[in-house]
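Subject: Structure handover and notes on helix packing

Dear colleague,

I am passing on the structure we spoke about, and I would be glad if you could look through it alongside the notes below.

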Amino acid sequence: MTVWRFLDRWMATAERVLLAAILLTMISLSVLQIGLRNLADTSWYWIDPFTRLLVLWLAVLGAMVATRTGEHIAIDALGHFLKPRMARLISALANAFAALVTGLMAWHASRFVLDEFHYGGTTFSGLPVWPFELIMPLGFAWMCFRFGLNTVKPPVKPAI
């Protein structure tokens, strides 16, 4: 087994486990918050901002999974009309462009998180916000890496 296959399999498992855990946590906390508000006429102030941070993590992890499986949003208007060789070339160019865009997003997201670190932005309970935002530069960097690999070798879509 190559190092890439091992790393890809490990990341795929980690992504699925994290997605399931985050979704379960979000649902559980939201139900708890609704119950507390309706039944006990109170709430825990940290649940709403924490759930917003979990939405960020859920979105970036979902985008990472879509990049891995090749099921992200793509415009395939020409693919049906071109010969297979030309369609592969267009696909490689689109993946290279997506790698460039996600690389830029990773760069600017890392600058944003660094600014949050330097300026001391906080979230609920006075906790620093930058560790919660690390998913942005890390996720976009990983997507850039995957798009780069997809430029050379397109992903195999999973059978459903």
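This is a predicted model: local features need pLDDT of at least 70, side-chain atom pairs count only at pLDDT 80 or more; totals for chains, interfaces and linings use all residues.

Helix α1, which covers residues 3-39, packs against helix α2, residues 47-69, at an angle of about 150°, and the two axes are 9 Å apart. Because angles over 145 degrees count as roughly antiparallel, α1 is roughly antiparallel to α2. The crossing in which α1 passes α2 is left-handed, and the residues of this contact comprise 18 nonpolar, 5 polar and 6 charged ones.

Helix α2 also packs against α5, with axes that come within 9 Å and cross at roughly 10°, so that α2 is roughly parallel to α5. On the α2 side the residues involved include Leu 56, Trp 57, Leu 61 and Met 64, while among those they meet on the α5 side are Ile 135, Gly 139, Trp 142 and Phe 147. Sorted by class, the contact of α2 with α5 has 11 nonpolar, 3 polar and 2 charged residues.

The largest nonpolar core has 22 residues, of which Leu 61 and Met 64 touch the most other members. Two or more residues of this core come from each of α1, α2, α3 (84-119) and α5 (135-152), and α2 gives the most, with 8 residues. Met 64, when its neighbours within four places in sequence are left aside, is in contact with Met 11, Glu 15, Gly 139, Trp 142, Met 143 and Arg 146.

The last item is Phe 132, which lies in helix α4, residues 130-133. Between Phe 132 and Val 113, which are 19 residues apart in sequence, the C-alpha to C-alpha distance is 9.3 Å.

With best regards

Key
Residues are numbered from 1 along each chain as its sequence is written. Side-chain values use heavy atoms; hydrogens and water are left out. Axes are lines fitted to C-alpha atoms, for helices over the stretch in contact, and angles run from 0 to 180 degrees between N-to-C directions. Helices (H or I, at least four residues) and strands (E, at least two) are DSSP runs, numbered from the N terminus. Angles under 35 degrees count as roughly parallel, over 145 as roughly antiparallel, 65 to 115 as roughly perpendicular and the rest as oblique. A crossing is left-handed if the near helix is turned anticlockwise from the far one by less than a right angle, and right-handed if clockwise. Ala, Val, Leu, Ile, Met, Phe, Trp, Tyr, Cys and Pro count as nonpolar, Asp, Glu, Lys and Arg as charged, and the others, Gly among them, as polar. A nonpolar core is a set of buried Ala, Val, Leu, Ile, Met, Phe, Trp, Tyr and Cys residues joined through side-chain atoms within 4.5 Å. Buried means under 20% relative accessible area, exposed over 50%, partly exposed in between (1.4 Å probe, protein chains only). Contact means heavy atoms within 4.5 Å.
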